[in-house]
Amino acid sequence: MIIDDQHYDVIIVGTGAGGGTLANKLAPTGKKILILERGDFMPLEEQNRANVDVFKKERYRASERWYDKDGETFSPQTNYAVGGNTKIYGAALVRMREKDFDAVEHQEGISPAWGLKYKDFEPYYTEAESLYMVHGQTGDDPTEPPRSADYPLPAIENEPHIQKIVEAITKQGLHPTTLPLSLTRSEDDPTGDSEVFGIVPALKHPNVTLKTLAKAVCLLTNSSGKAVRAVEVEINGQSYLFFGDIIVLACGAINSAALLLKSANHKHPKGLANSSDQVGRNFMKHHQTAMVELSVTPNSGQFLRSVSVNDFYWGDENFPYPMGHIENTGGLLQDIIFAESPPILSVLAKGMPGFGLQQLAQRSIGWWMYTETLPDPNNRVRVQGDKLYLDYTPNNIEAHDRLIYRWIDVLKAGEKKLGSSVFEKLAIYPRGEVPLQTVANQCGTCRFGEDPNTSVLDLNCRTHDLENLYVVDSSFFPSSAGVPPALTVIANALRVGDHLK
């Protein structure tokens, strides 16, 4: 084992939305910071995936194997690269609704209250939107929370064929609004991510060091077990030890929990920070279903997401429980998560003989539907030996089904108004829910709270059990809410950064 002769003030493990943002926040302090990333810089051609190759499912899968609750192995769609999963996300940065921070009644149970309120996050949402160059527009979304500032940049315009749909939806009394997006406005790489807005600016400071292809495998504590003193890392098959005063995990909700569990020692036999037996528990990921309409006229297949609909976020007249968030997919030739859904386009192909995959993608309008899942201690990350298990049974299913069928009604009514010159007349709306192996929007495995018996982290995201160990990815979420979590992860990293400063 090689012992690094440097000593760092802060070691950050992971470069995604949490780690990359925190690195940027702390870089100007002059503190000696080490950033560890198990992947490497992602080639530009891999990020710009606007062609039919996006449907090659192995392209964005990790090489490792995980196991589900039945012991079946799978290759997860999770990205190991500088920028983490923000390199392959849709760049939609949406605020949680104000009520999401309170206890919310669902049909199948209670979504628990957070220890903080929306007002505690609001200044950091504003800071995050500025840092990540979010393009958006405040509108008449009935669920939109209060804001202290407008979006820093104007919303992008809808593609013409999307704009027609928006107008048809509006005529039904609904409130389609612009989807806030992180955009660099660079032609070769337009979407924003934590490499661009977090790591690259941080590395301009001489006190910041980034090591890539460096996989953290264990955290070592001091003799009392009250603090982490070093991170064991594999680089090119060789083990290294890096020593630091403050250690911050930002590996993603699954891998951060796994690293804590793998770091068990005689002082922490159940894993680090796990005296509450909560590490790895309450794993959540949205119900996330993709649906397509078939258009008469082709599109490029390469446009950005731009529309969101939250009229059913808290339910409707027939279902008084939260249902969720809707947004368009953007062009199907660049939406990686869509490509990971069950083969929706193959269903269309049966009704459209003679059409290839690319032709169908360029004539399809895609929609995403997100519904909150509830925390369940039996939905968890487990580690046995060198195997990572993801035990997961979906819940809150009826709410998601109702959102799907409510949206089908909206689409049918809209198509009727637009007529056959815009949409093919098909009786079906092919759709598919994202499978377990696509671990997008993962959260909840190290929830924060004030009670050490029921939470892993305190409200500053420091572990209750170890005085210098923090977690700043989506692990800290007590509930998943119904919108994508990326902006809340970024805002929280800025908040924790202020605490650490």
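Me: Val496 at 1% relative accessibility: buried or exposed?
Reply: Buried. The cut-off is under 20% relative accessible area, so Val496 counts as buried at 1%. Bear in mind that this is a predicted model.

Me: Which element is Val496 in?
Reply: Helix H11.

Me: And what does Val496 touch, leaving out residues up to four places away in sequence?
Reply: Leu22, Asn460, Cys461, Tyr470 and Val472.

Me: How far is Val496 from Leu44?
Reply: In sequence, 452 residues. In space, 31 Å from C-alpha to C-alpha.

Me: Leu22 was on that contact list. Which helix holds Leu22, and which helix does that one meet?
Reply: Leu22 is in H1, and H1 meets H11. From H1 the contact takes in Ala17, Gly18, Thr21, Leu22, Lys25 and Leu26. The H11 side has Ala486, Val489, Ile490, Ala493, Leu494, Val496, Gly497, Asp498 and Leu500.

Me: What classes of residue make up the contact of H1 with H11?
Reply: There are 10 nonpolar residues, three polar and two charged.

Me: At what angle do H1 and H11 cross?
Reply: Roughly 35 degrees. H1 covers residues 17-26, H11 covers residues 486-500, and their axes come within 8 Å.

Me: Is that crossing right-handed or left-handed?
Reply: Right-handed.

Me: Switching to strands. Which residues of S2 are buried?
Reply: S2 is residues 33-36, and both its faces are covered. Ile33 and Ile35 are buried on one side. Leu34 and Leu36 are buried on the other.

Me: How many bridges join S1 to S2?
Reply: Four, and the two strands run parallel. S1 spans residues 2-13. Val13 stands opposite Leu36 in S2.

Me: And S2 to S11, parallel or antiparallel?
Reply: Parallel, again with four bridges. S11 is residues 208-211. There, Thr209 is the bridge partner of Leu34.

Me: What's the strand order in the open sheet of four strands?
Reply: S4-S3-S20-S19, with mixed pairing. S4 (73-74) and S19 (380-384) are the edge strands. Each has a single partner strand, so one side of each is left without a neighbour in the sheet.

Me: How do S3 and S20 pair?
Reply: They run parallel, joined by two bridges. S3 is residues 66-68 and S20 is residues 387-391. Tyr67 stands opposite Tyr389 in S20.

Me: Which strands does helix H6 lie across?
Reply: S3, S19 and S20. H6 is residues 253-262 and runs at about 40 degrees to S19.

Me: What about the open sheet of three strands?
Reply: Its order is S8-S7-S10, and the pairing is mixed. S8 (153-154) and S10 (181-182) stand at the edges. One side of each lacks a neighbour in the sheet, because each has a single partner strand.

Me: In which sense do S7 and S8 pair?
Reply: Parallel, over two bridges. S7 is residues 134-136. His135 stands opposite Leu153 in S8.

Me: Zooming out. How many helices and strands in the chain?
Reply: 11 helices and 22 strands.

Me: What box do the C-alpha atoms fill?
Reply: Roughly 70 × 50 × 45 Å, along the principal axes.

Me: And how many of the residues count as buried?
Reply: 59% of the 501. As for contacts with a separation of 6 or more, 74% come from residues 24 or more positions apart.

Terms used: Residues numbered from 1 in each chain as written. Predicted model: local features only at pLDDT ≥ 70, side-chain atom pairs only at ≥ 80, totals over all residues. Heavy atoms only, no water. Pairing = 2+ DSSP bridges. Axes fitted to C-alpha atoms, helices over the stretch in contact; angles between N-to-C directions. Left-handed = near helix turned anticlockwise from the far one by under 90°. Contact = heavy atoms within 4.5 Å. Nonpolar A, V, L, I, M, F, W, Y, C, P; charged D, E, K, R; others polar. Buried < 20%, exposed > 50% of the residue type's maximum accessible area, 1.4 Å probe, protein only.
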